[in-house]
Amino acid sequence: MVEAQPPRHFESFFVPGPTEVRAEILDTLTRQVIPHREPEFEAMFARIQAGLGDVLLTGRPVYVGACSATGFMELGVRNTPPGRILALVNGAFSERFALVAESCGRQVDRITVEWGDAFDMDAVESRLASTKYTAVTVAHCETSTGVLTDVASVASLAHRHGAMVLVDAVSSAGGARLTVDAWALDFVCTASQKALALPAGLAFAVASPDFLERARRVPDRGFYFDIVQYDDYAAKNQTPSTPATALLYALEAQLGDITREGIERRWDRHLAMRDATIEWAAACSERRTLDLHLLAPDGSRSPTLSVLMLPPGLKGPEVRAAVADRGFTLGSSLGELREESIRIGHMGDHTLEGLARCLHATENAIAELAERKNIRALVLR
Ligand SMILES: *Cc1c(COP(=O)(O)O)cnc(C)c1O
């Protein structure tokens, strides 16, 4: 027997994926299963298609997979016509996209910038001008650093040089402004457990008509991640193999709530949470004479998460533990940032009020640790 956990109050979990799921949404998971080759399922899938189209701002079919986001990153690569791929790498997840492509046997060149930096679009353009690429991979929001990349600009540069753009929108879709059709993105993938605030296990993808037409001629696309099959089945409001039906119940409920909020308002709420985090970091630094700041530079800060750089002497894991003692879960940072920073996920269904409580607890935890360790900022930024 597993011991029952005490119920957790909502807005205590600020990890940048998986994100907190509201109880009303979790409740839908217990509904009985239905067969997926029957009209009842098809009607639900049609409603889901419409809802996903409103979230992603696309009139294209949205493919739904029973896998994590990485599966659909692989779907994008496997269905890309032969040729070199240019990977824009600015952190762990954009590096993963490059690795996925390499492991599918693709020739990959990288433009790599320091974690926390944004790309210089002139450098991207000159690389595209000097070498012929079939596709460019890019993370819209790099979840390891909190840097948002202007993927509309990447797409227009890529198109100017005859390349397609594959966008990892895993931690941006549903939280940061993203308009798939208007930005002419060739392939976009995302997943359920980030800004859409659903349990993990669903991946979503959209392909442009051009990407799909060219995919039809790609040899050895494999079977499970053949986008042509996804498209054929989506036309019948079905999926090629067994869907994660229980998760689709949750998705349908959540899409209803997102539609009621309105996608523009949802983006605005995320921007407000980001700005509140920036303001809090500055005010907290002043109040406590400690240097706290966001890793991402001004102008590239994601609305969905912040990497908070800690004052020298404070370690990410101890800060997370002290915040956990106060009832809030923050994200650990990845790679070399793990010790010197923490990640705050302010995405999904979180509110400004809930975030303020979390930041208040974080400030108290940091102040107490700093006091105990006798840390003061040497230089205030
Ligand atoms: C979380 C995340 C992924 C990986 O998602 P999985 O669902 O774990 O496969 C990929 N890219 C970005 C930007 C992410 O935030």
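Q: A polar contact is a pair of N or O atoms within 3.5 Å; within protein, one must be able to donate a hydrogen and the other to accept it, and residues adjacent in sequence count only if both atoms are side-chain atoms. At what distance does an N or O atom in the side chain of S68 lie from an oxygen atom of the ligand?
A: The model is predicted, with pLDDT of at least 70 required for local features and 80 or more for side-chain atom pairs, whereas totals for chains, interfaces and linings use all residues. Residues are numbered from 1 along each chain as its sequence is written, and side-chain values use heavy atoms, without hydrogens or water. For the side chain of S68, the computed separation from a ligand oxygen is 2.6 Å.

Q: Which element gives the largest share of the shell around the ligand?
A: The ligand is surrounded by 13 residues (a heavy atom within 4 Å), and S68, T70, T143, D168 and K194 are the closest. By class, the shell holds 5 nonpolar, 5 polar and 3 charged residues. The largest share amounts to 3 residues, and the element that supplies it is α3.

Q: What volume does the largest cavity have?
A: A cavity is a set of points on a 1 Å grid where a 1.4 Å probe fits but cannot get out. The search of the whole structure returns 1 cavity of 30 Å³ or more. The space in the largest cavity is about 80 Å³.

Q: How many charged residues are in the lining of the largest cavity?
A: The largest cavity, of about 80 Å³, is lined by 13 residues (an atom within 4 Å of a point). V64, G65, A66, T239 and P243 are the closest to its centre. The lining divides into 9 nonpolar residues and 4 polar ones, and the number of charged residues is none.

Q: What radius of gyration does the protein chain have?
A: The chain contains 12 helices (at least four residues) and 14 strands (at least two) by DSSP. Its C-alpha atoms fill a box of roughly 65 × 55 × 40 Å along the principal axes. A compact globule of 381 residues would be near 21 Å (2.2 Å times the number of residues to the power 0.38, over C-alpha atoms), and the chain agrees, at 21 Å.

Q: Which residue has a positive phi although it is not a glycine?
A: Most residues other than glycine have a negative phi, and most peptide bonds are trans. A cis peptide bond, with omega about 0°, joins G17 and P18, and P18 is in the loop between β1 (13-14) and α1 (23-27). In the loop between α8 (227-234) and α9 (245-261) is N237. The residue with a positive phi, about 60°, is N237.

Note on methods:
Nonpolar A, V, L, I, M, F, W, Y, C, P; charged D, E, K, R; others polar. 1 Å grid on protein atoms, 1.4 Å probe; cavity = no way out; pocket = protein on both sides within 12 Å on 5 of 7 lines; lining within 4 Å. Points joined across faces, edges and corners; volume = space filled by probe spheres on them.
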